[in-house]
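I opened my notebook beside the viewer and wrote down what I looked up, one topic at a time.

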Amino acid sequence: MIKYLIFFFIFVILISGYTIIAIENEKSNDIKIQKDEMTTEKKAWDAKEVTITGATVSEEKATGDFILRFETPLNPELSVLKEALESEDIIQKRIRELNTKIKMSQDMPITFTECEVSNAFYNSETKEIVICYELVVDIIETFLNKLESEVEEDKAILDTTTFILYHEMGHALRDIWDLPITGKEEDAVDQLAILLLLEDEREGEDAVLSSASWFLFNKEKIRKKDLLFWDEHSLNIQRFHNIVCWIYGTDPEYYAERIEVEYLPEERAIRCEEEFFQMRNSWNKILTPVLKK
Ligand SMILES: [Zn+2]
């Protein structure tokens, strides 16, 4: 559905001198993480463990929802993308599920819109999450001809878009509920995005691997910008290795044969199970007050 737009968008990008500003992006090497069928022995992350106890935010205050909106862009080419996104149910379904789990004190728009730059952000003034259509175009371009089929490419595009949306939602939740965060907030909300995706077990694992691939494909963009060590985001390649480590940590036995050592060297791998469980337990505690019963 989305794939047919790719060549069209690349053409548009080429003729418009399009530049990418906000989210590091450049295609790079391929990735070979095997995504075999899950075995019955596979210990998928148990979503029940995120289930809430002892909420301190009253249910009466939790009357809001995330509201997904697709604004009509002025650029007619982006209108085609808008219609494609609206016709897919992957993102919509995830938002509906999140609304059954997360307390919000007020409705929060998640707005897909035309920005004239490639970006996604949470606006703490307007209490709104914004995903630019131009960023989705970036993602489409990034996955072009990188996967085995158009179906896989379409899914990777939507999954990566969802990961970015969850990342911004992490910023929003921290702001709305004043959630405690130590260390880099950008890394923390990457963790939350991954945990939320993994609640969906097999589907979620595919989505996590797609978002990891996106960082890998984009790793050289940051190199082009002379490595922004001062930036609040970790480098794309670091974010890639982190995500690979965390998904490996959900079940090292299962992933031992499925993740190539160059993506997860032994020195990091040995800590990943503990790292994942520590991260999951910490987020369980942080989120407890804001999850619906
Ligand atoms: Zn962020």
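Here are my entries, from the whole chain down to single residues.

**Entry 1: the whole chain**

I started by noting that this is a predicted model. I then looked up the secondary structure and found 11 helices and four strands in the protein chain. The protein chain has 293 residues, and 37% of them are buried. I also looked at how far along the sequence the contacts reach. Of the contacts between residues at least 6 apart in sequence, 74% join residues at least 24 apart.

**Entry 2: the core**

Next I asked myself which residues touch the most other members of the largest nonpolar core. They are L197, V208, I243 and V244, in a core of 65 residues. I checked which element gives the most to this core, and that is α5, with 11 residues.

Setting aside neighbours within four places in sequence, I found V244 in contact with A212, I259, Y263 and L264.

**Entry 3: F163**

Is F163 buried or exposed? I noted 24 C-beta neighbours inside 10 Å, and the cut-off for buried is 20 or more, so F163 counts as buried. Not counting residues up to four places away in sequence, F163 touches A193, L197, A207 and S211.

**Entry 4: α4 against α5**

I moved on to helix pairs. Helix α4 covers residues 133-143 and helix α5 covers residues 150-177; their axes come within 9 Å and cross at roughly 140°. Angles over 145 degrees would count as roughly antiparallel, so I put α4 and α5 down as oblique to each other. I noted the crossing of these two helices as right-handed.

Which residues meet here? From α4 I listed V136, I139, I140 and F143, and from α5 I listed E153, A156, I157, T160 and T161. I sorted the residues of this contact into six nonpolar, two polar and one charged.

**Entry 5: α9 against α11**

Helix α9 (residues 236-250) and helix α11 (residues 266-287) have axes that come within 7 Å and cross at roughly 80°. α9 and α11 are therefore roughly perpendicular to each other. On the α9 side I wrote down H241, C245, W246, Y248, G249 and T250; they meet R268, A269, C272, E273, E275, F276 and M279 in α11. The residues of this contact divide into seven nonpolar, three polar and three charged.

**Entry 6: α6 against α9**

I kept α9 on screen and turned to helix α6, residues 185-198. The axes of α6 and α9 come within 11 Å and cross at roughly 40°. That angle makes α6 oblique to α9, and I recorded the crossing as right-handed.

In this pair, D190, I194 and L198 of α6 meet R239, N242, I243, W246 and T250 of α9. My tally for the contact is four nonpolar, two polar and two charged residues. W246 and T250 I already had from α9 in its contact with α11.

I then looked at backbone angles. Most residues other than glycine have a negative phi. Where does E116 sit? I found E116 in the loop between β2 (108-113) and β3 (120-123), with a positive phi of about 70° although it is not a glycine. E116 has 13 other C-beta atoms within 10 Å, so I marked E116 as partly exposed.

K127 is a residue other than glycine too, and its phi is positive, near 55°. I found K127 in the loop between β3 and β4 (128-132). K127 counts as partly exposed because it has 17 C-beta neighbours inside 10 Å.

**Entry 7: R96**

My last stop was R96, in helix α3, residues 90-101. R96 has 13 C-beta neighbours inside 10 Å and therefore counts as partly exposed. I also noted that R96 and I67 are 29 residues apart in sequence, with 9.0 Å between them, C-alpha to C-alpha.

Note on methods: Residues numbered from 1 in each chain as written. Predicted model: local features only at pLDDT ≥ 70, side-chain atom pairs only at ≥ 80, totals over all residues. Axes fitted to C-alpha atoms, helices over the stretch in contact; angles between N-to-C directions. Parallel < 35°, antiparallel > 145°, perpendicular 65-115°, else oblique. Left-handed = near helix turned anticlockwise from the far one by under 90°. Contact = placed C-beta atoms within 7 Å. Nonpolar A, V, L, I, M, F, W, Y, C, P; charged D, E, K, R; others polar. Core = buried A, V, L, I, M, F, W, Y, C linked by C-beta atoms within 7 Å. Buried ≥ 20, exposed ≤ 12 C-beta atoms within 10 Å, placed from the backbone.
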